[in-house]
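Work through the following exercises with the sequence and the structure side by side, and try each task before you read its solution.

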Amino acid sequence: MASQSILNRRSLLAGAAASFLPLEAQAAPSVPPLIARDYASDRQSFRTHILKAGPAPDGGDPLTEPPDGAQVLPYRSGSLDLKAWRSMPDAKGGKRPALLFLHGGNGLGTGHWDLTGPYLKAGYIVMVPAFRAENGQKGAFSGFYDETSDVLAAGRVLAAQPDVDPSRVFVSGHSVGGTLTLLASLSTKLFRGASSFSGNPSAYAFFKRFPEDIRFDTSDPREFEMRSAVCYATSFKCPLLIQHGSEETRSTDMSELTLSRARAAGLPVEYAPVRGDHFSALPEETMRSLAFFAKLGSGVSG
């Protein structure tokens with residue numbers, strides 16, 4: 001699987017690069033702050049300061065041919081023309097529920113499309129976007145911030161498709177895509193529900209593990225806060241299921257803190273570790289997400 005090779009490589013790099021972690025990131029707070037302001041409102045005024053503009057770390061091949069059962073769907077994010085894959089329209093017509101699936105790693109591959117099989121079988125229209133600076137596309141990699149804008153732009157395009165019921169648009173994602181799922185869920189009321197697989201609610205923790213991915217000004221704590229769902233856990237705008245493998249213990253504390261902060265604010269957030277590791281947990285996480293979305297009124301069986 002393409003995403004597995006990317007993550008295995010990145011794990012090795014993290015250990016080698018740890019000594020080069022910027023001092024500001026090394027001095028991260030033991031407990032990320034809770035920010036009571038609305039995340040979507042703060043996004044309107046915040047602009048990330050990129051110190052090193054360039055392509056996404058994992059690159060990815062140009063998106064020339066879509067996988068079997070998919071077609072290329074262009075979408076625009078700000079000034080950038082980007083590409084996504086979406087499932088083929090159903091000849092039966094009518095409007096159906098839709099899923100925006102956010103890939104792991106920092107490049108889209110056919111292995112990511114394969115992960116959407118259970119959603120397609122259940123009757124969802126599926127869209128899998130590539131983000132800025134991935135797969136030879138234009139733009140600069142920012143590490144979760146500007147890419148969240150791409151997620152929101154892709155979600156709007158998906159909701160506007162003639163065969164999609166805009167009241168039944170869901171979002172899920174794995175690994176990097178799981179983190180983007182969390183951030184997108186803070187940013188918009190577009191989604192009826194969300195499920196994050198192995199996302200990291202804390203940018204402090206993520207970039208401590210992957211310092212080679214840092215492109216922003218680490219001297220500004222806001223750069224970390226605006227990439228951390230745990231800091232804005234009172235801003236979730238749709239029901240959310242947080243999942244990760246039981247063997248991914250480094251995710252537990254921040255996931256539990258995100259849950260407790262959201263629950264204290266009365267938000268419909270659930271947390272469910274799944275037996276397995278970063279990859280072996282995926283089948284069960286997918287099935288649980290389908291059941292969660294069915295409970296929210298997806299109109300398909302879970």
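**Exercise 1.** Determine the order of the strands in the open sheet of eight strands, and find which strands stand at its edges.

*Solution.* In this predicted model, reading across the open sheet gives the order β1-β2-β4-β3-β5-β6-β7-β8, and the pairing is mixed. Next, look at the two ends of that order: β1 (70-77) and β8 (269-274) each have a single partner strand, so one side of each is left without a neighbour in the sheet. Finally, compare directions while ignoring which way the strands run: neighbouring strands are turned by 25° against each other on average.

**Exercise 2.** Describe how strand β2 pairs with strand β4, and name the bridge partner of R86.

*Solution.* Strand β2, residues 80-87, and strand β4, residues 125-129, pair in the antiparallel sense over three bridges.

**Exercise 3.** Find which strands helix α7 lies across, and decide whether V171 is buried or exposed.

*Solution.* Helix α7 (residues 176-187) lies across β3, β5, β6 (193-197) and β7 (240-245), and runs at about 135° to β5. V171 lies in strand β5. Its relative accessible area is 0%, and because buried means under 20%, V171 counts as buried. Leaving aside residues up to four places away in sequence, V171 touches several others, among them L99, T181, S185, A194 and F293. For T181, which is ten residues apart from V171 along the chain, the C-alpha atoms of the two are separated by 6.6 Å.

Technical notes:
Residues are numbered from 1 along each chain as its sequence is written. This is a predicted model: local features need pLDDT of at least 70, side-chain atom pairs count only at pLDDT 80 or more; totals for chains, interfaces and linings use all residues. Side-chain values use heavy atoms; hydrogens and water are left out. Two strands pair if DSSP finds at least two bridges between them. Helices (H or I, at least four residues) and strands (E, at least two) are DSSP runs, numbered from the N terminus. Axes are lines fitted to C-alpha atoms, for helices over the stretch in contact, and angles run from 0 to 180 degrees between N-to-C directions. Contact means heavy atoms within 4.5 Å. Buried means under 20% relative accessible area, exposed over 50%, partly exposed in between (1.4 Å probe, protein chains only).
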